[in-house]
Amino acid sequence: MKKKNKSDGTSLNSILIRRPIKRCFPIFILPTLLAFSVGFVWPFIQGIYLSFCKFTIVSDAKWVGLSNYKKAFMDASFKHAFWYTALFAIASILFINVIAFFVAYALTQKIPGSNLYRTVFFMPNLIGGIVLGYIWSMIFDGILSKYGTFLTAKASYGFWGLLILMCWQQVGYMMIIYIAGLQGVSEDMMEAAKIDGANRWQTLFRVTIPNVMPSITICIFLTLTNSFKLFDQNLALTGGMPTLFGDDGTMINSTEMLALNIYKTFYTSAKSRGIAQAKAVVFFILVAVMALIQLRFTRKKEVQQ
Amino acid sequence: MKKKSSTLSIVVAVFFTLISIVYVMPIVEVLINSFKLNSFVNTETFALPTKESYAGFSNYIKGMTFGNYPFLKSAFFSAYITITSTALIIICTSMAAWYIVRVNSLVSKIVYYLCVFSMIVPFQMVMFTLSGTADRLKLNTPYLIPIVYLGFGAGLAVFMFSGFVKGIPLEIEEAAVIDGCNPLAIFFRVELAMLKPTLVSVGILEVMWIWNDYLLPYLVLDRTMYMTIPIHIQYLKGSYGSVDMGATMAIIMMSILPIIILYLFCQKYIIKGVAAGAVKG
């Protein structure tokens, strides 16, 4: 029996095992492959195609070339949604990661009851976005009603409200990743720093943080893509309200993020579906580019270690 | 020096206890308000129920049939869809991942890279065409929607499983072949036992995703007949002019209570599973 050796010496398959499995193709891979074609491959290809078409339903599509993309880029509400999402992403990256890192740092300092706190901080992750949105809209409305106003009265209320909501939900999640990273920093290194006379802050910034850089990269990209893909919370908390009316009759929903903007373009009027699909393709490219950059970053870090 | 750090840790502990209390307040608020009469939820959101605002369990009783759709029906559909879809995803994708890693042919490579690719595609990209496809193939019932979930959720699951299968030594399976096992027996008797930790992680990730998912079932399911809990809540809040806040809070409470109880019992696995998914995805 001859094995195909890989560079690390362990092989992933051999003739002995490959032949019998290959014969079982219909049982092992076919169900997933069929569902995957129906649930992803076909809708994806069709989605790309339809972005170049004018249509209300799939069967009446007419090829119009790039005009959907032109209209999408001219759309003031889409541009607004992009900048709003970008601003929100920056704010949430900053707030969530700084808070989560310091919570994780404090919880790894052997304080009593740290498991209990961890449990509590992680809990909001289990609650769905729609429910979270309504819980917080009740709370914000309760607070703001004391000042005679309400959550959807001003765009800035919606922005900070969503930011608080997302911090509440995501800090626990990022904290878990940071804790895993912090526990991986070797004790020897910390001890060496101590012997060399470094104080607590010097140890934190010169030893701990450089060593948890992989976790920091992961968390930054997670918060970035989470903010860009955010939909449920946005829909349930403000739904894009309040609406601003431009002089030329354009309507901009001031707290509307990209995903919600695409959704509304699709389903509020059947005429703009081609534009909505073009927006969706642009959105996909944005998210994909972020993922590729993340991949490069994490690969680089792996090499360094 | 030691004494100083122990007083510091007590200060930190007290601080975190306070933060924890603040942290659970939103959920406590929902609980409190679910026992208040509707008119008091907006005006006295943060007060405990008084004699005149206390509604007893009437909100819960009202919530059961609120919005002309029984809550228990949507709860049933939510549970049913979550359990069947997760089971289907776990079984099918672990089998597929094993095939992909062990056969390593051109087809399996293509499938693998398509799966990885699908992980970066946001749902908005395919939502319109996916719901159309599901409609045409009559997958728009809770009984067949697991197929849609398997299709759209296959990427991450296949990726995680194949990562794990790569770490399993081939010799064990070869021994099974020599002992006369057919591939099905190898998979279900040998492979699944070793995949157990990943099965739990992937299972938890899928359960959390599907139970809380709003948009996919909203677009795919025939909404006049089938609702899940997130759809139900959005429907109540979104389409009613004057919402009965008390009853809505009762419904929200009923929908998050099962998850929180489940979480308290198996939080170790949940946190581990989520962390594994985050680091890989």
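Chain B is built from 13 helices and zero strands, where helices (H or I, at least four residues) and strands (E, at least two) are DSSP runs numbered from the N terminus. The model is predicted, so local features need pLDDT of at least 70 and side-chain atom pairs count only at pLDDT 80 or more, while totals for chains, interfaces and linings use all residues. Residues are numbered from 1 along each chain as its sequence is written, and chains are lettered from A and ligands numbered from 1 in the order in which they are written.

Read from the N terminus, chain B simply goes α-α-α-α-α-α-α-α-α-α-α-α-α. Its radius of gyration is 24 Å, well over the 19 Å that the globule rule gives for 281 residues, so chain B is more spread out than a compact globule. (That radius is taken over C-alpha atoms, and the globule rule is 2.2 Å times the number of residues to the power 0.38.) Along the principal axes, the C-alpha atoms of chain B fill a box of roughly 75 × 70 × 35 Å. Of the 281 residues in chain B, 46% are buried. Here a residue is buried if 20 or more other C-beta atoms lie within 10 Å of its own, exposed if 12 or fewer, and partly exposed in between, with C-beta atoms placed from the backbone. Contacts tell us about the fold too: two residues are in contact if their C-beta atoms, placed from the backbone, lie within 7 Å. Take the contacts in chain B between residues at least 6 apart in sequence, and 75% of them join residues at least 24 apart.

Chain B is split into domain 1 (25-56) and domain 2 (66-280), with bounds that come from an automatic or database domain assignment. The C-alpha centres of these two domains of chain B are 36 Å apart. Where they touch, 10 residues of domain 1 of chain B are in contact with seven residues of domain 2 of chain B. On the domain 1 side, α1 (2-33) and α2 (38-43) of chain B each supply at least two residues. That side of domain 1 of chain B has five nonpolar, four polar and one charged residues; Ala, Val, Leu, Ile, Met, Phe, Trp, Tyr, Cys and Pro count as nonpolar, Asp, Glu, Lys and Arg as charged, and the others, Gly among them, as polar.

Two residues of chain B are worth a look. Glu206(B) sits in helix α9 (residues 183-212) of chain B. It counts as buried because it has 25 C-beta neighbours inside 10 Å. Setting aside neighbours within four places in sequence, Glu206(B) is in contact with Thr86(B), Ile89(B) and Gly153(B). Lys138(B), on the other hand, is exposed, with 8 other C-beta atoms within 10 Å. It lies in the loop between α6 (123-136) and α7 (145-165) of chain B. Lys138(B) also has a positive phi of about 60°, although it is not a glycine. As background, most residues other than glycine have a negative phi.

Now for chain A, which has 14 helices and four strands. Its radius of gyration is 25 Å, whereas a compact globule of 305 residues would have one near 19 Å. The C-alpha atoms of chain A fill a box of roughly 70 × 70 × 30 Å along the principal axes. Buried residues make up 41% of the 305 residues in chain A. Among contacts in chain A with a separation of 6 or more, residues 24 or more positions apart account for 73%.

One helix of chain A has a bend in it. Helix α8 (residues 155-183) of chain A has 29 residues and reaches 41 Å from its first C-alpha to its last, close to the expected 42 Å, the expected span being 1.5 Å times one less than the number of residues. A kink of about 40° in α8(A) is centred on Gln170(A); the bend at a residue is the angle between axes fitted to the seven residues ending there and the seven starting there.

Chain A also divides in two, into domain 1 (17-69) and domain 2 (70-304). Their C-alpha centres lie 31 Å apart. Between them, 13 residues of domain 1 of chain A are in contact with 13 residues of domain 2 of chain A.

Finally, the chains meet each other: 80 residues of chain A are in contact with 76 residues of chain B. On the chain A side, the largest share, 15 residues, comes from α3(A). The residues on that side divide into 57 nonpolar, 16 polar and seven charged.
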